[in-house]
Amino acid sequence: MSSYRRSKPPGGFKAYVDFVEFEERPIDVPEEIEYGKAEPQLLPGEIVIAEANNVLKFAPLKTNKTGISGTLFITNFKVSFVTSLPVDSKEAEMHDKSLQSHFLGVHDVCLSEVDMVNQFSEGFTKKKRLFYNAPLPPRLSGLQLVLKNLRMINFSFKFTPAGEDLRVAQALLHHAFPPSIDHLFLSCGYPPPPPGIPDFCMAQDWERELQRTRCPNWRVSKHNEFFNLCSSLPTVVVVPRDLLDAQLEQAAQHFQGTRPPVWCWGSLAGAALVRMAQISPSITDKQQENRMMGLVHRCHPKKLQPTILDLDQILPSLKDIQISYIKLRELHTPDDPSQFWEQDRHYYSRWESSRWLSHVSKCLDVAQSAATAILHHNSSVILQESEGRDLSAIISSLVQLLLDPQARTMRGFHCLIQKEWVSLGHPFSARLGHTRNDVEEQCPLWLLFLDCVYQVSVQHPSSLEFTSEYLVALWHAAHCSLHSSFMFNSVNARHTASAVLQRENPHQPIYLRPVWSWWAESYNPPGKKQNGPSEDNLKRSSSREAFLNVHYIQNLMESLSASGAFRRISDPLSSAYHTWHRIESLLGGAGSLPFDSTATVVPLQLDASLRVDVTWSSLKPWQDCFCAWVSEPATLTLNELESTLKRSSPTSQHWKHLYQMYNTLKNHLSEGLTNGVIA
């Protein structure tokens with residue numbers, strides 16, 4: 001602690017510092033902070049690198065233009081602002097609904113969330129971007145953090161002792177933009193709870209998926225066991241049954257990224273969903289490409305020709321998508337109220353000009369065409385693009401969401417993302433800009449996919465087991481370095497980073513945490529009262545409540561009330577049995593979403609497909625995500641208050657009623673089993 005911090009400030013302090021008048025105000029530092037009690041909460045292995053005292057934090061666009069005082073810390077994991085002053089209600093709400101609330105406080109920001117760092121003048125009228133490799137000015141009036149989740153935070157060093165501002169800025173710029181992924185804080189030193197989700201890096205995971213879909217004539221190959229076939233694919237892949245491993249290795253050399261065609265999903269009738277890279281530019285002979293397509297053709301029991309979708313030709317380029325995102329980022333991160341109100345007057349026209357919804361519409365349209373080919377024409381679909389790691393992940397995932405009811409459940413959606421995005425090697429690090437070397441490769445395809453799923457949820461409000469709030473939470477979680485699912489370019493890259501960290505810390509086990517472990521960490525069932533609940537447990541319960549679609553679960557319970565359904569609830573082969581166990585996993589306080597590799601596989605049923613209206617008039621700007629941090633959201637100034645209220649979360653009374661239904665069914669089942677009869 002510096003002597004400056006130990007000295008008592010003149011006069012008392014007030015809870016908030018008025019932005020307009022802070023030129024004439026004394027230093028407003030809480031007594032407890034002044035006497036050395038301002039310390040951040042640290043995780044195992046986390047250390048403080050720099051700190052600045054008497055810092056003012058301003059929430060942008062607040063109508064009262066107020067700030068709070070505290071101490072700003074930079075650790076090897078986060079930016080932490082410590083204050084004893086009241087928490088902004090918006091910040092508290094967003095924090096409670098985040099998947100990283102177990103690791104971060106309300107005023108904390110993970111370093112990997114930081115997108116840009118700007119310095120600004122004392123009157124907030126001018127700003128200049130700071131770079132990790134550029135010299136800093138001799139004195140900083142303040143820093144503005146632009147985060148990847150479209151949030152801005154302003155810190156003023158008006159009253160900060162000289163030198164502390166520069167030390168904080170230098171530490172921030174160095175650690176927020178690392179040269180490689182293993183420089184991030186990836187492990188907090190203790191193991192995560194079991195996520196209950198297969199990682200699709202083992203043969204049995206893919207074999208179960210083949211068994212569930214009952215898609216014939218495909219097999220699991222272990223030929224990539226040491227990543228010798230392809231560094232960006234998992235150690236096991238599903239390939240045509242007649243394709244020998246030696247032939248697979250030979251064929252892979254002809255495709256970009258050495259990624260041959262791989263099976264993702266399929267149906268009993270034989271229609272398969274296949275992801276395939278383009279032939280390498282240096283290869284003029286297309287014999288291998290034609291041969292691979294011929295093998296997909298012969299895998300079909302009826303030898304039907306596959307539908308080939310060249311995504312590089314029919315979908316926007318990654319550059320176009322990134323340009324659209326930058327326009328939306330500028331629209332939703334205004335510097336001051338005047339800029340906000342100016343943009344607000346042209347909000348929808350600027351949103352439309354970004355062409356973001358055009359990209360959403362096109363992705364949904366292509367996915368729906370592929371789903372139609374599979375469902376109505378029994379045609380296999382080959383999704384072909386450069387390396388088969390980007391847009392094909394979006395389309396493949398959406399096809400399964402539209403056709404496969406399991407993908408619409410919380411657990412099924414987790415499995416879908418783990419399979420299509422994590423295991424099959426979407427380059428998260430490059431596309432989300434986790435390192436300083438990724439700038440030219442950035443493109444938020446993950447956000448584009450989540451927006452497409454949001455549009456499905458709007459048009460089918462009771463068909464998905466999860467809510468829009470959960471999709472927002474997944475977007476924010478993708479920028480937290482402790483969620484390893486979204487940190488790496490491939491499974492191989494994850495193994496490599498883990499090995500590097502283990503060598504550097506030989507006496508400390510390295511645990512990389514999949515994002516899905518949040519469910520086991522948030523163990524309280526929604527709507528259920530606890531005896532003497534802790535504040536953290538209540539917040540976790542509230543998070544689950546926000547993430548689960550009450551209407552979907554209510555439909556599940558009502559389906560058990562149908563004639564004869566409840567009698568079949570003890571039959572492991574019946575749909576009623578699996579429906580009841582799904583309800584119990586969601587409402588019964590289970591520590592993880594259950595996964596038993598020995599359990600009977602529930603066959604795929606294609607009798608509940610969804611259709612989406614992809615016209616622009618039917619698509620809605622995802623304001624829950626893009627406007628999440630705008631203090632005065634444009635929705636309220638565009639005569640949409642009524643629709644905003646209609647989209648609000650279900651009341652606690654709705655959850656209470658749902659839980660009463662659950663307990664009634666549970667008691668009835670218990671009594672029936674006791675008596676040996678289920679009526």
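In what order do the four strands of the open sheet stand? The order is E12-E13-E15-E14, with mixed pairing.

## About the model

This is a predicted model, in which local features need pLDDT of at least 70 and side-chain atom pairs count only at pLDDT 80 or more, while totals for chains, interfaces and linings use all residues. Residues are numbered from 1 along each chain as its sequence is written, and side-chain values use heavy atoms, with hydrogens and water left out.

## The four-stranded sheet

Let's start with the sheet. Helices (H or I, at least four residues) and strands (E, at least two) are DSSP runs, numbered from the N terminus, and two strands pair if DSSP finds at least two bridges between them. Strands of a sheet pair through backbone hydrogen bonds, either parallel or antiparallel. In the open sheet E12-E13-E15-E14, the edges are strand E12 (262–266) and strand E14 (307–310); each has a single partner strand, so one side of each has no neighbour in the sheet. On average, neighbouring strands here are turned by 20° against each other, direction ignored.

E14 runs parallel to strand E15 (residues 381–385), and four bridges join them. Leu309 has Leu383 in E15 as its bridge partner.

## Two helices to look at

Helix H13 (residues 391–403) lies across E12, strand E13 (272–277) and E15, and runs at about 175° to E13. For such angles, axes are lines fitted to C-alpha atoms, for helices over the stretch in contact (heavy atoms within 4.5 Å), and angles run from 0 to 180 degrees between N-to-C directions.

Now find helix H14 (residues 410–423). Of its 14 residues, 14 are buried (under 20% relative accessible area, with exposed over 50% and partly exposed in between; 1.4 Å probe, protein chains only), so H14 is largely enclosed by the rest of the structure. Just after H14, Gly425 takes a positive phi of about 85°.

## Leu150 and its contacts

Leu150 sits in the loop between strand E8 (142–147) and strand E9 (152–156), and is buried at a relative accessible area of 2%. Leaving aside residues up to four places away in sequence, Leu150 touches Tyr325, Arg329, His332, Thr333, Phe626 and Trp629. Glu330 is 180 residues from Leu150 along the chain, yet their C-alpha atoms are separated by 8.9 Å.

## Cysteines

How many disulfides (pairs of cysteine sulfur atoms within 2.5 Å) does the count give? The count is zero. Cys110 is in no disulfide, and the nearest cysteine sulfur, that of Cys480, is 4.3 Å away. Cys110 counts as buried at 0% relative accessibility, and Cys230 is buried too, with a relative accessible area of 1%.

Notes:
A disulfide is a pair of cysteine sulfur atoms within 2.5 Å.
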